[in-house]
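I keep these entries as a record of what I looked up in the structure, one topic at a time.

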Amino acid sequence: MIFNPILGGKIAAVAIKRSLFQIFVILYKRTIMEIFKKAETVRLRSYHDKYLLAEEDEESVSQDRDGRSMNARWTVEVVEKADVIRLKSCFGKYLTASNIPMFLGMTGKRVTQTLPRRLDSSTEWEPVREGVQVRLKTRYGQYLRANGGLPPWRNSITHDIPHRSTTQDWVLWDIDILESRKKKAPPVAEPAYTPLPPPPPPPELLQVRKDDHQEPNSPKGFSLSSPVKADGRLIYYRIGDEDGNVDETAKEELFCFKGMGLEELKEKLIEETGLSDISICSKNPLNGKLYPLRLHLPPNNTKMHVVLIPSPSKGDAASTS
């Protein structure tokens with residue numbers, strides 16, 4: 001067999017190019033994964049300049065231009081050694097690529113929020129960098145797509161492979177990092193010996209001041225109520241009229257409340273709505289009637305649905321008297 005040096009050189013060059021390309025792909029993936037490994041909470045902005053939202057039914061997802069709500073925040077979970085991530089909504093459910101068609105006869109499939117008993121590949125998304133933007137690919141080669149056009153496609157979210165040039169950019173997302181992941185503190189080595197107990201304090205420090213043991217209801221007493229969690233509670237509200245009529249078809253507004261008492265909530269709602277004075281009411285689930293909140297907020301940062309009734313102005317009150 002005669003060795004051809006020209007042919008051998010071409011084969012070697014192809015092998016080198018292939019190796020360099022594989023190294024480039026590995027480094028490229030590591031670069032985009034490093035971004036998500038450093039992020040705790042993100043927002044995803046679509047090609048249509050709208051944000052990926054978790055709907056309040058805790059099942060569907062959509063897109064909207066208002067990215068200030070808690071519904072637009074997604075917690076990043078990195079799946080180690082797999083170069084994929086999971087995205088968890090503010091309701092604690094995962095962004096999931098389902099097998100359900102979005103519309104009959106169309107190729108796009110529905111994207112939902114789910115909390116499966118056992119996490120599988122349907123909740124995993126592989127970030128693929130595209131310049132300064134990202135495509136999120138399922139384990140089956142489809143991409144998270146923000147749809148445009150006319151209803152019912154407009155503002156819907158599917159996973160699909162875009163075949164038309166006009167929809168190629170619909171799978172591109174900008175990533176806004178809202179919170180960075182906190183670095184884990186290195187473990188502290190326990191001492192190999194048992195330390196001696198500390199010496200007793202001097203007698204003058206054993207004298208307890210009277211103010212240190214006030215009753216909880218006294219002005220200087222300590223509050224026995226449990227502290228509010230750092231993430232607060234979600235407050236959903238609608239605004240009714242002075243007669244207590246509420247438009248049930250209107251979308252509920254929401255915000256995150258980190259206070260502890262009813263008066264703090266009232267001040268925050270006045271600040272949010274711009275109303276001068278309000279009554280905070282809750283709807284009786286049995287008869288549907290409104291009743292004002294007068295006592296304490298529900299424990300454990302439970303989310304609340306309330307109705308705000310504006311108090312009549314002084315001029316109105318005088319005219320009716």
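Which residues does Thr96 touch, not counting residues up to four places away in sequence? I listed Arg110, Val111, Thr112, Thr114, Ser122, Thr123 and Trp125, where contact means heavy atoms within 4.5 Å.

**Ground rules.** I am reading a predicted model, in which local features need pLDDT of at least 70 and side-chain atom pairs count only at pLDDT 80 or more, while totals for chains, interfaces and linings use all residues. Residues are numbered from 1 along each chain as its sequence is written, and side-chain values use heavy atoms, with hydrogens and water left out.

**Thr96, continued.** I placed Thr96 in strand S6 (residues 94-101); helices (H or I, at least four residues) and strands (E, at least two) are DSSP runs, numbered from the N terminus. Thr96 counts as buried at 5% relative accessibility, given that buried means under 20% relative accessible area, exposed over 50% and partly exposed in between, with a 1.4 Å probe and protein chains only. The side chains of Thr96 and Thr114 are joined by a polar contact of 2.5 Å; such a contact is a pair of N or O atoms within 3.5 Å, and within protein one must be able to donate a hydrogen and the other to accept it, while residues adjacent in sequence count only if both atoms are side-chain atoms.

**Whole chain.** I noted 3 helices and 17 strands, and buried residues make up 32% of the 321 residues. The chain averages a pLDDT of 80, with 74% of the residues scoring at least 70; pLDDT is the predictor's confidence in each residue, from 0 to 100. Over residues 204-230 pLDDT stays under 50, and the model has 18 contacts beyond four places in sequence for them. Residues 315-321 also stay under 50, with 1 such contact. Where pLDDT is low, the predicted coordinates should not be read in detail.

**Strand S11.** I found both faces of strand S11 (residues 157-160) covered, with Ile157 and His159 on one side and Thr158 and Asp160 on the other, all buried. Strand S7 (residues 109-114) runs antiparallel to S11 and is joined to it by 2 bridges; two strands pair if DSSP finds at least two bridges between them. Arg110 stands opposite Thr158. Strand S10 (residues 143-146) pairs with S11 in the antiparallel sense over 4 bridges, and Leu144 has His159 as its bridge partner.

**Strand S2.** Both faces of strand S2 (residues 51-54) are covered as well, by the same test of buried residues on either side. S2 pairs antiparallel with strand S3 (residues 61-64) over 4 bridges, and Leu52 stands opposite Gln63. In this hairpin, with 6 residues between the strands, Glu58 takes a positive phi near 65°.

**Open sheet.** I traced 5 strands in the order S14-S13-S17-S15-S16, with mixed pairing. The edge strands, S14 (253-257) and S16 (290-292), each pair on one side only. Strand S13 (residues 233-239) pairs antiparallel with S14 over 5 bridges, and Tyr236 stands opposite Leu254.

**Cysteines.** A search of the whole structure gave me 0 disulfides, a disulfide being a pair of cysteine sulfur atoms within 2.5 Å. Cys90 is partly exposed, with a relative accessible area of 27%, whereas Cys281 is buried at 7%.
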